[in-house]
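Biologist: I am new to this one. Please show me the model, and then I will ask about its parts.

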Amino acid sequence: MKHEKIETNSGLLIVLTLIVISIGGLVEIVPLYLIDSTVETVKVEGKDTIRPYTPLELAGRDIYLREGCYTCHSQMIRPFRDEALRYGHYSLAAESQYDHPFQWGSKRTGPDLARVGGKYSNQWHVQHLIAPRSVVPESIMPNYPWLMDTLLRYKDMPARMRALKKVGVPYSETEEEYQANVERFGEEVAGWLDIRRAEQNLLKQAVAGNYDGDNSDVTEMDALVAYLQVLGTMVDFSKFDEGYFASFR
Ligand code: HEC
C-alpha cells in the first residue's frame, strides 16, 4: 500500500509533512498581508486619533510592565457579547499598534484593563493601588504603596522613545518628522510626540494632570495613573464605523 511506503520512510514522511504544514501556514498568513484592514485606520476629520503614548504615559506603561500587572490583567476585549457588555467595545488591532510589546494577554485574575481609562477618578486609582482592599474589600490584588513615595526617574525618556522609534513608533526627532506628525495627528499631539521636548512635556503633563493628588513632586504613581487613564480612550466609537462585528453588540 502507498500509505505504508510513506510511514516506513521517515525522510519522505518529513518532506510530505512539511509540505502539508506549509500549505496550512500560507492559507493563514498570506491573507493578512493582502487585506488592507489587518490594522484599521481610525481617523476623525482626517487625523489619526490613535496616537503613541506621551512621555508620562510611556513611563507609566514601563512601570506597569516592571510591576508585572500583566500577570493578572489582560488588555484585549474579545468580540463576544459578554465581554462587550462588561468591558465595552471589542479591542481594535489599531489600538495596540504602538504597544511594544502589546499587553493583550489571556490571564485574567483581575478584570481586563483595555478600556479602564476614564472609568474611575485619579483619586480612586491612587487609593486602589496603595491599598486595593480599602476600596474593594474582596480584592486579591497586591498593594503597591511604594509607587506614591518613589520619585519618577525620567531622564532616560528620550532614550526610551528612541528605542520605540526604532521599531516604528512615530516619535519625532527632526523638524521633518515633527511636520509629518502634525499632518498625521494634528499640532497638539505632534508636540507631545517630540523626543526633543520629552522631559519638558512629561513635567508639563504631570503638573497639569496632578494624577497622584500631590503636585510637590512627580512620582511613579503620577505616571502609572496617567497611563491607566488613557487606556482605551483614543477611539470615539460613536464616529467609528464598527462594520461586521457591530452585530455582536
Ligand atoms: C495578583 C493579581 C493582580 C496583580 C498582580 C494586579 N492586579 Fe489589579 N486587580 C486584580 C484583581 C483581582 C482585581 C479586581 C478587584 C479589585 O478591583 O481590586 C484588580 C483590579 C484592578 C483595577 C480595577 C479594574 C476595574 O475595571 O475595576 C485596576 C485599574 C488594576 N487592578 C490595576 C492594576 C495595576 C496597575 C497593577 C500593577 C501595578 C495590578 N492591577 C496588578 C488583580 C491583580
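Biologist: Which residue just after α10 takes a positive phi, and of about what value?
Modeller: This is a predicted model, where local features need pLDDT of at least 70, side-chain atom pairs count only at pLDDT 80 or more, and totals for chains, interfaces and linings use all residues. Residues are numbered from 1 along each chain as its sequence is written, and side-chain values use heavy atoms, with hydrogens and water left out. Helices (H or I, at least four residues) and strands (E, at least two) are DSSP runs, numbered from the N terminus. Just after α10 comes the residue with a phi of about 45°, Asn-210.

Biologist: What span should helix α10 have, and how far apart are its end C-alpha atoms?
Modeller: Helix α10 covers residues 198-209, twelve residues. The expected span is 1.5 Å times one less than the number of residues. That gives 16 Å, which agrees with the distance between the end C-alpha atoms of α10, 16 Å.

Biologist: Where do the buried residues of α8 lie around its axis?
Modeller: Helix α8 spans residues 175-185, and Tyr-178, Asn-181, Val-182 and Phe-185 are buried there. Seen down the axis, they fall within an arc of 105°, so they line one face of the helix. On the other side, Glu-176 and Glu-183 are exposed. The buried residues of α8 pack against β2 (47-48) and α9 (187-192).

Biologist: Which residue follows α8?
Modeller: Its phi is positive, near 90°. The residue is Gly-186.

Biologist: How many residues apart in sequence are the parts tied together by Tyr-53 and Tyr-227?
Modeller: Rings of Phe, Tyr and Trp (its six-membered ring) pair if their centres lie within 6.5 Å; planes under 30 degrees apart count as stacked, over 60 as edge-to-face and the rest as tilted. Tyr-53 and Tyr-227 are edge-to-face, 5.6 Å centre to centre with 70° between the planes. Both are buried. Tyr-53 lies in the loop between β2 and α3 (55-66) and Tyr-227 in helix α11 (residues 220-230), so the pair ties together parts whose separation in residues is 174.

Biologist: Why is the pair of Phe-102 and Trp-104 classed as it is?
Modeller: Phe-102 is partly exposed at 43% relative accessible area. Trp-104 is also partly exposed, at 32%. The ring centres of Phe-102 and Trp-104 are 3.8 Å apart and the planes are at 25°, so the pair is stacked.

Biologist: How far apart are the centres of domain 1 and domain 2?
Modeller: Domain bounds come from an automatic or database domain assignment. That assignment gives domain 1 (2-34) and domain 2 (43-248). Taken over C-alpha atoms, their centres are separated by 43 Å.

Conventions:
Buried < 20%, exposed > 50% of the residue type's maximum accessible area, 1.4 Å probe, protein only. Arc of directions from axis to C-beta. Contact = heavy atoms within 4.5 Å.
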